[in-house]
Amino acid sequence: MPDLAFETRHAARGPVAGVDEAGRGPLAGPVVAAAVILDPACIPPGIDDSKALSAAKRAALSAAILGCARVGIGICSVEEIDRLNIFWATMLAMTRAVAALDLPPAYVLVDGNRCPDWPHASEAVVGGDARCLSIAAASIVAKHRRDCMMAELDAAFPGYGWASNKGYAARAHQEALRTLGPTPHHRRSFAPVAQAELAFGSAVGRE
């Protein structure tokens, strides 16, 4: 289980934020990042890597974290992902998440092997969502927020199964790309979408 060892190491500096993202790999939808500064006196029990939790548990913990911690959310749109590429869009979403905090952090712990180019003292923590409590909390908030966004998009663009596959390249999603074509929420810089758009356009042209 993640703990506060990383946060404690830097506590003398001031507030320590954990940052994580959700949505780097999907073919559709935004990338969402969260920054969380936990209150050591009010930490909801059960915080873990979001991937280790059920959707219901993530929803409950996200609400609890939002209720007792300082949280910032950063989002990069599909258009930004296609313009910047997914790596730089992820870095931008993380930067926006930290900027959205109502208390500037003195130190930032970032899940992964690289921090954004920003003025904050920070550290990249490989596997941080399973090791560092504030990063795990950020992973829960980011994942739940993005899942809710994809469920809303699924209602507006039925047929792709986004409420269940969250925009990832599930078989049903790829089949819908071939038969229905890409939507405005698909990442055209991702090869499967670009290929589907080309094939779908060619099929429409032959009709």
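Strands β4 and β5 pair in the parallel sense, over four bridges. This is a predicted model, where local features need pLDDT of at least 70, side-chain atom pairs count only at pLDDT 80 or more, and totals for chains, interfaces and linings use all residues. Residues are numbered from 1 along each chain as its sequence is written, and side-chain values use heavy atoms, leaving out hydrogens and water. Two strands pair if DSSP finds at least two bridges between them. Helices (H or I, at least four residues) and strands (E, at least two) are DSSP runs, numbered from the N terminus.

**Overall make-up**

- The protein chain has eight helices and five strands.
- From the N terminus on, the elements run α-β-β-α-β-α-α-β-β-α-α-α-α.
- The C-alpha trace spans about 65 × 35 × 25 Å along its principal axes.
- Buried residues make up 46% of the 207 residues. Buried means under 20% relative accessible area, exposed over 50%, and partly exposed in between (1.4 Å probe, protein chains only).
- Contact means heavy atoms within 4.5 Å. Of the contacts with a separation of 6 or more, 64% come from residues 24 or more positions apart.

**The sheet**

- Five strands form an open sheet in the order β3-β2-β1-β4-β5, with mixed pairing.
- β3 (70-76) and β5 (122-125) are the edge strands, and each pairs on one side only.
- Neighbouring strands are turned by 20 degrees against each other on average, direction ignored.
- Helix α5 (residues 133-156) packs on the sheet and touches β1, β2, β3, β4 (107-111) and β5. The direction of α5 makes about 35 degrees with that of β1. Axes are lines fitted to C-alpha atoms, for helices over the stretch in contact, and angles run from 0 to 180 degrees between N-to-C directions.
- β1 (residues 16-22) and β2 (residues 31-37) run antiparallel, joined by five bridges. Here Glu21 stands opposite Ala33 in β2.
- β1 and β4 pair in the parallel sense over four bridges. Val16 stands opposite Tyr107 in β4.
- Asp111 has Val125 in β5 as its bridge partner.

**Strand β4**

- Five of the five residues of β4 are buried.
- Tyr107, Leu109 and Asp111 point one way from the strand, while Val108 and Val110 point the other way.

**Nonpolar cores**

- A nonpolar core is a set of buried Ala, Val, Leu, Ile, Met, Phe, Trp, Tyr and Cys residues joined through side-chain atoms within 4.5 Å.
- The largest one has 25 residues, of which Val19, Val31, Val98 and Val110 touch the most other members.
- β1, β2, α4 (86-99), β4 and α8 (191-206) each supply at least two residues of this core. Helix α4 gives the most, with seven residues.
- Another core lies apart from it, with 17 residues, among them Leu53, Ile65, Ala138 and Ile140.

**Ala28**

- Ala28 sits in the loop between β1 and β2.
- Ala28 counts as buried because its relative accessibility is 0%.
- Leaving out residues up to four places away in sequence, Ala28 touches several others, including Arg146, Trp162, His173 and Arg187.
- Ala28 and Gln195 are 167 residues apart along the chain, and their C-alpha atoms are separated by 14 Å.
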